[in-house]
Amino acid sequence: MASMYVRRFVTNVHRVLNHSPPVPTNPLLSLRSLFGYSSSSPFTSHSGSDDPHSHIDLSNEENKRRLFNRLLYRSKQRGFLELDLVLGKWVEENIHSLDENRIQALIHVLDLENPDLWKWISGQEQPPESVNTNPVFAAVQEKVMKNLDSHSAPETRATPGQPWVRGWDDIKKGRDGPVTGNQ
């Protein structure tokens, strides 16, 4: 009795191993299908290029919902707490009022690297011209700077153009310790 089950198992394994579907020649296509990226995604390209941002499909409510959920997730789950809070809150409040051009501007902001984006938004460094003219970046930066001006004393903040490097050792009081506050 057990030998019949073993024989059936071996036969099935042999069938699976010898009759597996062909492996796709383009591994990127198989990765795209594995992770749910298909031609029906809201980022569809009609120009023939591989740029996923060349056209945004807002033709129906399902595509809008998917796109808004992806953008909201990307803005809240960056892995950089300050940006998660700032960008996530701004996108949550404004995503439904954005037109296609502003959505593309938001995607451009979300594609930026976290350390650079935080330095630019918080005024520690001057952003490049392409970022500085982005309307979404300008709106987020305006909100951050307005909050900084209304909720923190100027003497506790770094000078404009200088990085906020203090924080973990603020308890150290001495010649090189900060005068007040945690940055």
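User: What angle and what distance apart describe the axes of α6 and α8?

Analyst: Two packed helices are described by the angle between their axes and the distance between the axes. Axes are lines fitted to C-alpha atoms, for helices over the stretch in contact, and angles run from 0 to 180 degrees between N-to-C directions. In this predicted model, α6 and α8 pack at about 60°, and their axes are 9 Å apart. That angle makes α6 oblique to α8; the naming rule is that angles under 35 degrees are roughly parallel, over 145 roughly antiparallel, 65 to 115 roughly perpendicular, and the rest oblique. Helices (H or I, at least four residues) and strands (E, at least two) are DSSP runs, numbered from the N terminus.

User: Which residues of α6 and α8 meet?

Analyst: A contact means heavy atoms within 4.5 Å. From α6 come Leu117, Trp120 and Ile121, and they meet Phe137, Val140, Gln141, Val144 and Met145 of α8. Sorted by class, this contact has 7 nonpolar residues, 1 polar and no charged ones. For the classes, Ala, Val, Leu, Ile, Met, Phe, Trp, Tyr, Cys and Pro count as nonpolar, Asp, Glu, Lys and Arg as charged, and the others, Gly among them, as polar.

User: Before we go on, what should I know about the numbering and the model?

Analyst: Residues are numbered from 1 along each chain as its sequence is written. Because the model is predicted, local features need pLDDT of at least 70 and side-chain atom pairs count only at pLDDT 80 or more, while totals for chains, interfaces and linings use all residues; side-chain values use heavy atoms, with hydrogens and water left out.

User: How many helices and strands does the protein chain have?

Analyst: The chain has 8 helices and 0 strands, so its pattern along the sequence reads α-α-α-α-α-α-α-α. Of its 183 residues, 26% count as buried. Buried means under 20% relative accessible area, exposed over 50%, and partly exposed in between, using a 1.4 Å probe on protein chains only.

User: At what angle do the axes of α3 and α5 cross?

Analyst: Their axes come within 10 Å and cross at roughly 30°. The two helices are therefore roughly parallel to each other. The crossing of α3 past α5 is left-handed: the near helix is turned anticlockwise from the far one by less than a right angle, whereas clockwise would be right-handed. On the α3 side, the contact is made by Leu67, Phe68, Leu71, Arg74 and Ser75, and on the α5 side by Ile103, Leu106, Ile107 and Leu110. These residues divide into 7 nonpolar, 1 polar and 1 charged.

User: Is Arg74 buried, exposed or partly exposed?

Analyst: Arg74, found in helix α3, has 29% relative accessibility and so counts as partly exposed. Leaving aside neighbours within four places in sequence, Arg74 is in contact with Ile107, Leu110 and Asp111.

User: How do α4 and α8 cross, left-handed or right-handed?

Analyst: The crossing of α4 and α8 is right-handed. Their axes come within 11 Å and cross at roughly 115°. In α4, Val86, Leu87, Lys89, Trp90 and Glu93 meet Val136, Ala139, Val140, Lys143 and Val144 of α8. By class, this contact has 7 nonpolar, no polar and 3 charged residues.

User: How many residues are in the largest nonpolar core?

Analyst: A nonpolar core is a set of buried Ala, Val, Leu, Ile, Met, Phe, Trp, Tyr and Cys residues joined through side-chain atoms within 4.5 Å. The largest one here has 27 residues, and Leu71, Ile103, Leu106 and Leu117 have the most contacts inside it. At least two of its residues come from each of α3 (61-76), α4 (81-94), α5 (100-110), α6 (114-121) and α8 (135-151), with the largest share, 6 residues, from α5.

User: Which helices do the buried residues of α5 pack against?

Analyst: They pack against α3, α4, α6 and α8. The buried residues of α5 are Ile103, Ala105, Leu106, Ile107, Val109 and Leu110.
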